Amino acid sequence: MDFALNEEQVMFQSMFRDFAQQEIAPHARETDEHEALPEGLLEKAAEQELLGAALPEKFDGAELDWVSICLLMAELGRACLSTAAVIASHANLAALTILDAGTDEHRRSYLPSMASGEVIGAFALTEPQAGSDWNAIQTSATLQGDGYILQGVKSWVVNGSIAGLYIVFARAPGGITAFLLPAGVPGLHIGYRERTMGLRGCQIHALYLKGCRVPEADRLGAEGEGLAIAARALPRYQIAIAAAALGVSEAALQEGKQFAVERKQFGVAIATKQAIGNYFADSIVEIETLRHLVLHSAWKMDEGTISPSDLAIVKLHSARVARTVANRMVQVHGGYGFSNEYSVSRIYRDVRALDVMGGTDQLQQATLARNYFQGALVD
Amino acid sequence: MRIIVLINQILDPSGMTVNRRAQQVFVNRREYILNPADLSAVEAALQVRDAAGGDVTIVGLGPERVVESIRQALSMGADQGLAIIDESGAAADPAVRARLLAAAVRKAGPFDLVLTGDRVLDSDGGQIGPRVAELLDLPQLISVETVACQENRAEAIRSTETGYQRVEAPLPVLATLPPDANRPRFGTAQRIVNVYRDQSAVKCLSPADLDPTGEASSPQTRSGGRGYPTPREPGTRLEGTVEEITGRLVTALGLGA
């Protein structure tokens, strides 16, 4: 087995890291405090071709493999988890879903402008009463003439107020169906913004659809194909979120290390205390196992052999590692970890989202248990 | 405008711990980076090319891994690369290094501008630029922040302790840049893909191709060992009003009447 990155992937990683550390990490605090990404950041990411990294070259993408995409997401997560979530929602959820389910016309008209950052994408699946239970979607799509009329409320839409294009899931006569809605279409209103514990740089909004008219040509896939499209989209998001979790775990560890070396108590650096050292030792083990798991899962994505259980494992484990490591590193900081003056506090708030975004931990557990017992339980 | 940039590859200092008490540098992580001053030179070259047209050739000298640093420069937008693969370590000697690089520049064909870093972060010798310029009989603009070319002349700005100097020289010319001269651009994803797709983007030569007799490769310097500079005694801090400090300073310097 060859676990090494190839030369190209090493250079990607190096470029991703340089970019993220120079252009994103210095603004992570202001992103959190101002509750928005810095002006021009997405444009800079687009110049590096990071917004269309996974898209084919003919749509102005860089056509990177999943291992490289995970290296990118890990570096974004290390620098600023809000930024990673914004880019993952745009690139992995929205753009790749258009590539997957869109017509050639959809791809030609939207993907190049999504790669250039001119159009930011958002994925509007969740509703107030339909979180993990996608089947409970109530937003309706009624046939009228050569199009549909959409009526309903979407919630937790990442990039809600900055998106130029929304993928909206609604219940059509033939079942749950996906639609492409450009921002500004009559009847599409940006609703309230969620006040969140972490990931404050993500602009997460409700969407109100009040008699919003969508031509049939803007239907994504066939009527009733919506849930299948969403189910195919989810892995592309989950693997990205897991990679970002790896990066942010490493960032937490680094913050902890810096503090533990500089902070002196009882005349010595607290890093020399066994109780603190054990926090680091355990965290290092968990991060290293996560790195292998993320890259192996990415490799399986490239090979086309990834299973729902594989994704559930990496998604569940990554969120746990990030939460556990961030929690320990807050503790390493002592009282200072509770102060927003220290980055570890922001990281701690941010990583809490990883247990719910892209499918809750409980959903992953249910998937794993169901697949594990499949066929074994009769009656 | 034909521009040649000479680059060096160094161990990433962020992977090292310098321990004065142990008189040792510990390498925690062995990763190599493009020398920061040379990275400034690459960026300056790309800016000159973008303004005046032409092409940028990257010349690197070192073990085979130097090719990766050349590829990094190509991913930033340089046009072609030339690697002199030397596994013997002979090119660690600045005289040998300069001779081989000068020979490589001649081999690369006609040029208008040669750029390189004004120092290598590890040895901090600052010799390569001036040595290569001498060997090629070129005027040299040393440690300049910016370079621009107009009508057969290169114009550069050099930062000094008292202000800025504008210096000029006729082309062809060699200029060196400090590590903080500019903000080097990042490579783009698509260019990285292309750099690896195009296997002929970097040509490889050996020192013997440039120096068949081996004459240029005989070292001129000999290492007498390594050590840390003796720690300096801390100075004395003078406190008080300006008049008091001045009086104490005059006395301390033994200048009092």
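Patches are made of residues with over 30% relative accessible area and no salt bridge, where like charges are joined within 9 Å and nonpolar side chains (Val, Leu, Ile, Met, Phe, Trp, Tyr) within 5 Å; a salt bridge is a side-chain nitrogen of Lys or Arg within 4 Å of a carboxyl oxygen of Asp or Glu. The model is predicted, with local features needing pLDDT of at least 70 and side-chain atom pairs counting only at pLDDT 80 or more, whereas totals for chains, interfaces and linings use all residues. Residues are numbered from 1 along each chain as its sequence is written, chains are lettered from A and ligands numbered from 1 in the order in which they are written, and side-chain values use heavy atoms, with hydrogens and water left out.

In chain B, a nonpolar surface patch is formed by Leu249(B), Val250(B), Leu253(B) and Leu255(B), which together have about 370 Å² of accessible area (Shrake-Rupley method, 1.4 Å probe, with only the protein chains shown counting as cover for residues). Of these residues, Leu255(B) lies in the segment that follows helix 7 (242-252) of chain B (helices are DSSP runs of H or I with at least four residues, strands runs of E with at least two, numbered from the N terminus). Leu255(B) counts as exposed because its relative accessibility is 58% (exposed is over 50%, buried under 20%, partly exposed in between; 1.4 Å probe, protein chains only).

Chain B also contains an open sheet of seven strands in the order 9-13-8-1-6-7-14, with parallel pairing (two strands pair if DSSP finds at least two bridges between them). Its edges are strand 9 (140-141) and strand 14 (202-205) of chain B, each of which pairs on one side only. Within the sheet, strand 8 (residues 113-117) and strand 13 (residues 173-177) of chain B run parallel and are joined by five bridges, and Leu115(B) stands opposite Ala175(B) of strand 13. Helix 4 (residues 128-136) of chain B packs on the sheet, touching strands 1, 8, 9 and 13, and its direction makes about 175° with that of strand 13 (contact means heavy atoms within 4.5 Å); axes are lines fitted to C-alpha atoms, for helices over the stretch in contact, and angles run from 0 to 180 degrees between N-to-C directions.

In chain A, Ser89(A) is placed in helix 5 (residues 81-101), and Ala84(A) is also placed in helix 5. Ser89(A) counts as buried because its relative accessibility is 2%; leaving aside residues up to four places away in sequence, Ser89(A) touches Ala94(A), Gly121(A), Val158(A), Asn159(A) and Tyr237(A). Ala84(A) is buried, with a relative accessible area of 1%.
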